[in-house]
Amino acid sequence: MIRLDGTNGKITCPIGDTGLLLVSLKLKDNAPPLPDGTVIEFKICGDKTVEPILIKVSTLADSAAAIWLSSEDTLKLPKSGSYRWNVRVVTDPVMQADGSVVARQQSAEVHSPFAFGGALPTFEAKFVP
């Protein structure tokens, strides 16, 4: 079971467990809707590096996207401990060979709405015997 602390964004997950993260975006009143094809990229990185360990991508629909973490996904974490996670919103995306997403054109947008105080929130992986 995955747990999200809404006060600081910390996610806790036993290694090998599964869970569903629902990313829901509330746009400002006068903001135009996000274009069709906008994706959400969920990424887990090492605590002191930006090298991705796990990348999941989901298409945004009605300002929300579901990120499914399978048992196989959480088993990819090399050991129990602290990692960092990020969610990026990418309009007009292009998939890279490593599974990450970049914006296709300069007019496209990329946002990291869940970066807390300029730092990425913690993903705590726990070993459960």
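Guide: This is a predicted model.

Visitor: Which parts of the chain does the pair of Asp47 and Arg84 tie together?

Guide: Asp47 sits in the loop between strand E4 (39-46) and strand E5 (52-59), and Arg84 belongs to strand E7 (residues 81-90), so the contact joins parts that are 37 residues apart in sequence. Asp47 is partly exposed at 31% relative accessibility, and Arg84 is partly exposed too, at 27%.

Visitor: Why do such side chains pair at all?

Guide: The general idea is that side chains of opposite charge can pair when their charged atoms come close.

Visitor: How many salt bridges does a search of the whole structure find?

Guide: The search finds five. Another one of them links Asp73 and Lys56, at 2.8 Å from N to O. Asp73 is in helix H1 (residues 71-75) and Lys56 in strand E5, so this pair ties together parts that are 17 residues apart in sequence.

Visitor: Is Asp73 buried or exposed?

Guide: Asp73 counts as buried, with 6% relative accessibility.

Visitor: What is the distance between the closest N and O atoms of Lys126 and Glu124?

Guide: They are 4.0 Å apart, and the two residues form a salt bridge. The criterion is a nitrogen within 4 Å of a carboxyl oxygen. Lys126 is partly exposed, at 39% relative accessibility, while Glu124 is buried, at 13%.

Visitor: Which residues are linked in a network of salt bridges?

Guide: Glu41, Lys43 and Arg88 are linked in this way.

Visitor: Now the cysteines. How many disulfides does a search of the whole structure find?

Guide: The count is zero. To see the reason, look at the sulfur atoms: for Cys13, the closest cysteine sulfur is that of Cys45, 16 Å away, which is too far for a bond. Read from the other end, the closest cysteine sulfur to Cys45 is in Cys13, at 16 Å. A disulfide would need the two sulfur atoms within 2.5 Å.

Visitor: Are these cysteines buried or exposed?

Guide: Cys13 is buried, with a relative accessibility of 1%. Cys45 is also buried, at 6%.

How values were computed. Residues are numbered from 1 along each chain as its sequence is written. This is a predicted model: local features need pLDDT of at least 70, side-chain atom pairs count only at pLDDT 80 or more; totals for chains, interfaces and linings use all residues. Side-chain values use heavy atoms; hydrogens and water are left out. A salt bridge is a side-chain nitrogen of Lys or Arg within 4 Å of a carboxyl oxygen of Asp or Glu. Helices (H or I, at least four residues) and strands (E, at least two) are DSSP runs, numbered from the N terminus. Buried means under 20% relative accessible area, exposed over 50%, partly exposed in between (1.4 Å probe, protein chains only).
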